[in-house]
Amino acid sequence: MAETTKTATLTFEGKTIELPVHSPSVGPDVIDIRKLYAQGDIFTYDPGFTSTAACDSTITYIDGDKGELLHRGYPIEQLAEKSHFLEVCYLLLYGELPTAAQMEDFETRVTRHTMVHEQMHNFFRGFRRDAHPMATMVGVVGAMSAFYHDSTDITDPWQREVAAIRMIAKVPTIAAMAYKYSIGQPFVYPRNDLDYASNFLRMCFAVPAEEYQVDPILSRAMDRIMMLHADHEQNASTSTVRLAGSSGANPFACIAAGIACLWGPAHGGANQACLEMLREIGTVDRIPEFIARAKDKDDPFRLMGFGHRVYKNFDPRAKVMKQSADEVLGLLGIENNPTLQVAKELERIALEDEYFVSKKLYPNVDFYSGIILDAMGFPTSMFTPIFALSRTVGWISQWKEMIGDPALKIGRPRQLYIGQTRREYVDVEGR
Ligand code: CMC
C-alpha cells in the first residue's frame with residue numbers, strides 16, 4: 001500500500017489546489033491528480049504517458065537509471081540464472097515463489113490445458129496460407145472467447161483463474177499452429193511429458209514424418225527468452241490489455257488487444273525489424289551508412305533494437321540475452337555468421353558514437369533475441385509471436401490484478417482539443 005504523507009500545491013490563475021502525493025515502496029513519488037478537474041477545472045497533458053502512472057501495481061518494478069528489473073522484488077538476472085519460465089509465471093500470477101508442491105500442482109494445471117478445441121482448427125484454415133503468424137494470433141486468441149464460455153465471467157474469481165491458466169497453456173499452441181499454417185505443414189499436437197519450452201519447440205519444428213528430439217541447449221535458451229519477456233510493467237501492450245479490460249471486456253479479447261499492440265515495430269515487432277535491418281546492412285562496411293541515416297532528422301530510419309522509453313543506462317534483459325546469444329551460438333558453432341558479425345560491430349560503434357551515447361540509446365532486449373531465434377531456426381515472422389506467448393503471463397497477471405481491485409474504473413483519458421470551435425452547417429451549394 002502506498003503511503004500518503006506529502007502534498008503538492010498547484011497554483012493557477014489565482015487558484016491554489018492541494019494535491020496528495022503517494023510514496024511507493026520504491027521509486028519516485030506520484031502526485032495524485034484524480035480530483036484536479038473537479039477542483040480546478042483543468043486537465044493535465046501527457047501524450048505517450050511519459051510522466052503519468054496509470055495504476056498502482058505490485059507485480060514488476062523497473063529502475064530505468066540503474067537498469068534494474070524486479071519481478072515481485074526478485075531481480076531478473078537471478079530469475080534468469082536460477083529459475084525457469086513456469087516458476088516465473090507462478091511468481092507473477094500469485095506474488096510468491098512456489099513451494100515444490102505448489103509448482104507441481106501449477107505445472108499439472110497448465111499442462112492439462114495445452115490443447116485447443118479441435119473446432120478452432122477451422123479458424124486457422126480461414127486465413128490466407130501465407131498470413132503473418134501475428135495476424136493469425138490476434139484473430140485466434142480473440143476467438144477463444146467464442147469457445148471457452150465457462151471462463152469469460154470476469155466477476156467470478158474462479159473463472160478468471162481458469163482463463164489465466166488456459167491462456168498460459170494455449171497461447172504457445174496457437175503460436176506454433178500459426179507458424180505451421182504459414183509454412184503449409186500439419187499442426188503438431190502438444191506433448192505433456194515435455195517441459196513448456198521443449199513442448200513449444202517440438203510443436204514448431206516436428207513433422208509427423210519423422211522423430212524429433214528436442215535439443216536441451218535450445219530448450220534452455222527458449223525458456224530463458226520466455227523468462228526475459230514475461231512482464232515489463234505498464235508498457236504499451238500491457239496498458240492496452242488494462243484499458244481494454246477496464247470496460248469489463250472478457251480476458252481473451254483483452255489479450256488479443258495486447259497482441260495487436262505488441263506487433264508494432266516500436267514495441268514487440270522490433271525483434272523482427274532488427275534482424276531484417278541487420279540482414280539489410282549485410283556487411284560491416286555498410287554500417288556507417290546506416291548509422292548516418294539513424295542520425296539524420298529528415299530520415300525516418302531508426303536503428304532497430306536500440307533505445308528504450310524507461311531504460312536510460314542499459315536494459316538488464318539485453319545483458320542476459322547477450323550472454324545467452326554468445327552461449328547458444330558458441331554451442332551451435334555458428335559464432336561467425338555474417339549477421340552476427342554485423343550485430344557485434346554495430347553494437348560496438350553505436351556504444352561509442354556521440355549521438356547514441358548522448359541520447360542514452362543502448363541495445364535493448366530485441367537486439368539480441370532475434371539473433372538467438374534466428375540461430376534456433378525460427379523465421380523472422382515468428383519472433384514477435386514468441387514475444388507474445390512469453391508476455392501472455394504478464395498481461396494476464398496485470399489484468400487479474402486490475403479486475404481484482406475494488407477501485408477499478410473504466411480507463412477514459414481526456415484530450416487537448418485543437419480542432420474547430422462550433423460552427424453552422426453549410427449546404428453543399430454554399431461550400
Ligand atoms: N535510432 C535512432 N535514434 C533514436 C532511436 C533509434 N533506435 N531511438 C530513439 N532515438 C532518438 C529519437 O530520434 C529522439 O531524438 P531527438 O531527441 O533528437 O528527437 C530521441 O532518441 C528520443 O527518442 P524518442 O522516440 O522520443 O524516445 P521514446 O522513449 O519515445 O521511444 C523507443 C523509445 C523504444 C520507441 C525508441 O527508442 C525506438 O523507436 N527504438 C527502436 C525500436 C525498438 O528497438 N523497440 C523495442 C523496445 S524494447 C522491447 C519492448 O519493450 O517492446
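Let's start at Pro75, which is partly exposed because its relative accessible area is 22%; buried here means under 20%, exposed means over 50%, and partly exposed is in between, with a 1.4 Å probe and only protein chains counted. Before I go further, this is a predicted model, so local features need pLDDT of at least 70 and side-chain atom pairs count only at pLDDT 80 or more, while totals for chains, interfaces and linings use all residues. Residues are numbered from 1 along each chain as its sequence is written, and side-chain values use heavy atoms, with hydrogens and water left out.

Back to Pro75. That residue sits in strand E6, residues 74-75. If you skip neighbours within four places in sequence, Pro75 is in contact with Leu69 and Leu70, where contact means heavy atoms within 4.5 Å. Pro75 and Ile62 are 13 residues apart in sequence, and their C-alpha atoms are 9.9 Å apart in space.

Now another strand residue. Leu10 is in strand E1, residues 3-12, and comes out as partly exposed at 31% relative accessible area. Not counting residues up to four places away, Leu10 touches Lys15, Thr16, Ile17, Leu19 and Leu36.

Let me zoom out to the whole chain. There are 18 helices and 6 strands. The C-alpha atoms fill a box of roughly 75 × 65 × 55 Å along the principal axes. What about the radius of gyration? For 431 residues, a compact globule would come in near 22 Å, and this chain has 23 Å, so the two agree. That radius is taken over C-alpha atoms, and the globule rule is 2.2 Å times the number of residues to the power 0.38.

Of the 431 residues in the chain, 48% are buried. Looking at contacts with a separation of 6 or more, 68% are between residues 24 or more positions apart. The accessible surface is about 21,800 Å², and carbon and sulfur atoms own 53% of that; areas come from the Shrake-Rupley method with a 1.4 Å probe, and for residues only the protein chains shown count as cover.

Thr238 lies in helix H10, residues 236-246. Buried or exposed? Thr238 has 0% relative accessibility, so it counts as buried. Leaving out neighbours within four places, Thr238 is in contact with Glu233, Arg391, Trp395 and Gln398.

Then there's Lys400, in helix H18, residues 383-403. This lysine counts as buried, because its relative accessible area is 17%. With residues up to four places away set aside, Lys400 touches Leu93, Tyr94, Arg160, Glu161 and Ala164.

A quick stop for backbone angles. Asp41 has a positive phi of about 55 degrees although it isn't a glycine. You'll find Asp41 in the loop between helix H1 (36-40) and strand E4 (60-63), and at 59% relative accessible area that residue is exposed. Lys360, also not a glycine, has a positive phi near 55 degrees. Lys360 is in the loop between helix H16 (354-358) and helix H17 (365-376), and counts as partly exposed at 40%.

Last topic: the ligand. Which residues come closest to it? The shell has 21 residues, and the closest are His267, Lys297, Leu303, Arg309 and Lys359; a residue counts as near if one of its heavy atoms lies within 4 Å. The shell splits into 10 nonpolar, 6 polar and 5 charged residues. For that count, Ala, Val, Leu, Ile, Met, Phe, Trp, Tyr, Cys and Pro are nonpolar, Asp, Glu, Lys and Arg are charged, and the others, Gly among them, are polar.

On to individual atom pairs. A polar side-chain atom of Lys359 is 2.8 Å from a ligand oxygen. For Asn364, a polar side-chain atom lies 2.9 Å from an oxygen of the ligand, and an N or O atom in the side chain of Arg302 is 2.9 Å from a ligand oxygen. The cut-off for a polar contact is a pair of N or O atoms within 3.5 Å. On its own the ligand has 940 Å² of accessible area, and the protein covers 76% of that.

Technical notes. A polar contact is a pair of N or O atoms within 3.5 Å; within protein, one must be able to donate a hydrogen and the other to accept it, and residues adjacent in sequence count only if both atoms are side-chain atoms. Helices (H or I, at least four residues) and strands (E, at least two) are DSSP runs, numbered from the N terminus.
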